[in-house]
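Thanks for coming. I will go through one structure today, sheet by sheet, and then look at a few single residues.

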Amino acid sequence: MSPSAPPLEARMAELTGRHVPFVKATVVRARRPASARPGDTALVLADGRVEGFVGGACAEATVRVQALRTLHSGESLLLRISPEETADGTGEPVVEEGAVSVANPCLSGGELEIFLEPLRPVPRVVVLGESPIARALAAFGPVLGYEITEAAGADGITPEELAGSQALVIASHGRGEEPVLVSAVRAGVPYIGLVASPRRGAAVLDALPLDAEDRARIHTPAGLWIGARTPGEIAVSILAEVIQAVRGRSVEVEVEVEAPPETPGTGSVTAVDPVCGMTVSVVDSAPYSDEGGDERRWFCCAGCRAAYEKDPARYAKADAS
């Protein structure tokens, strides 16, 4: 990327290179009055941070909620934001195939249509070993669209590679296994597989300086049971188990909260702004307040938070009713 490249494009290249998932949000239509214009772009990261501009604070709050949902599902979405009630009159988002319409009471009267494109990294699989099974994994992985990193020895695997990897498969048949297994567990690699017989695999696990919960994260013998015998068949069984682990595990937004609800089917924790009634994401980058009770409150913007903190009891009564 050249030094003159737009900052967001450079940032996208950086995130992609580091295997960091994000959503690209692009304004495709704006009806005045609206602060955003067609072509305005922002990136939404898995922790809820928004980099760039796609509208004011209230529009950004709606974009954050929907972007985190697309990051979970992996499917692009056209988001329509309007100050008017949605077509069904309930105030709830109207979901169509490939589109969601949301009523945002904070908008100044304009409307926005924003295309949300989740960009999730290609799964990276680190393979340790030079055995026939390791070579078969290196051959079959790219067919699935996986990035295979071959490491001939333990010294060839860096902490950075493990941290950005979705899977580690050790097929070195006893060479350099233990330190890499421990490093992978501590790095939080989602799938860790050890090619070994049940007896040898159990012995390797018993010798690791890990507790029972961490040992249980290591799959050995690696691979789903499909009756595989040849190196190629074993590689297929291992990749099938990797698929099961990687595709069955969604991008997670890790936030510590005081018991807000999780929106069903989204994997995104949300709350309702007690001032304007908007659904907002529960993330560190969203405005919140601990005033007025034991439960933390989350807001679409600083203005709603300020209104709440002037008279928390008023909004507590509204909730009770």
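Two strands are said to pair if DSSP finds at least two bridges between them. With that in hand, take strand β10, residues 167-170, and strand β11: four bridges join them, and they run parallel. Within that pair, V169 stands opposite G193 in β11. Please keep in mind throughout that this is a predicted model.

Now the sheet around that pair. β10 and β11 belong to an open sheet of five strands, in the order β9-β8-β10-β11-β12, with parallel pairing. The edge strands are β9 and β12, each of which pairs on one side only.

Going along the sheet, β8 pairs with strand β9, residues 147-151, in the parallel sense over five bridges. There, V127 is opposite E150 in β9. On its other pairing, β8 meets β10, again in the parallel sense, over four bridges. The bridge partner of L128 in β10 is I170.

How much of strand β8 is buried? Five of the five residues in β8, residues 124-128, are buried, so the strand is largely enclosed by the rest of the structure.

Helix α8 lies across β8, β10, β11 and β12, and runs at about 160 degrees to β11. α8 also meets another helix. Two packed helices are described by the angle between their axes and the distance between the axes. For helix α3, residues 132-140, and helix α8, residues 231-247, the axes come within 8 Å and cross at roughly 60 degrees. Angles of 65 to 115 degrees count as roughly perpendicular and those under 35 as roughly parallel; α3 and α8 are therefore oblique to each other. Their crossing is right-handed. On the α3 side the contact is made by P132, I133, A136, L137 and F140. On the α8 side, the residues include P231, G232, I234 and A235.

Let me move to the other sheet. An open sheet of seven strands has the order β3-β2-β1-β7-β4-β6-β5, and its pairing is mixed. Which strands stand at the edges? They are β3, residues 50-52, and β5, residues 94-96; each has a single partner strand, so one side of each is left without a neighbour in the sheet. On average, neighbouring strands of this sheet are turned by 20 degrees against each other, direction ignored.

Inside the sheet, β1 and β2 run antiparallel and are joined by five bridges. A25 stands opposite A42 in β2. Helix α1, residues 7-17, packs on this sheet and touches β1, β2, β3 and β7. The direction of α1 makes about 25 degrees with that of β2.

In soluble globular proteins, nonpolar side chains tend to be buried together. The largest nonpolar core here has 39 residues, and V44, V54, V63, L112, I114, L116 and C300 touch the most other members. Elements that each supply at least two residues of this core include β1, β2, β7 and α9. Helix α2 gives the most, with seven residues. Apart from this core lies another, of 21 residues, among them V180, L181, V185 and I218.

Last, some backbone details. The peptide bond from T220 to P221 is cis, with omega near -5 degrees. P221 lies in the loop between β12 and α8.

H19, although not a glycine, has a positive phi of about 60 degrees. H19 is in the loop between α1 and β1. Is H19 buried or exposed? Buried means under 20% relative accessible area, so H19, at 15% relative accessibility, counts as buried. H173 also has a positive phi, near 55 degrees, in a residue other than glycine. H173 sits in the loop between β10 and α5, and is partly exposed, with a relative accessible area of 44%.

Methods. Residues are numbered from 1 along each chain as its sequence is written. This is a predicted model: local features need pLDDT of at least 70, side-chain atom pairs count only at pLDDT 80 or more; totals for chains, interfaces and linings use all residues. Side-chain values use heavy atoms; hydrogens and water are left out. A nonpolar core is a set of buried Ala, Val, Leu, Ile, Met, Phe, Trp, Tyr and Cys residues joined through side-chain atoms within 4.5 Å. Buried means under 20% relative accessible area, exposed over 50%, partly exposed in between (1.4 Å probe, protein chains only). Axes are lines fitted to C-alpha atoms, for helices over the stretch in contact, and angles run from 0 to 180 degrees between N-to-C directions. Contact means heavy atoms within 4.5 Å. Angles under 35 degrees count as roughly parallel, over 145 as roughly antiparallel, 65 to 115 as roughly perpendicular and the rest as oblique. A crossing is left-handed if the near helix is turned anticlockwise from the far one by less than a right angle, and right-handed if clockwise.
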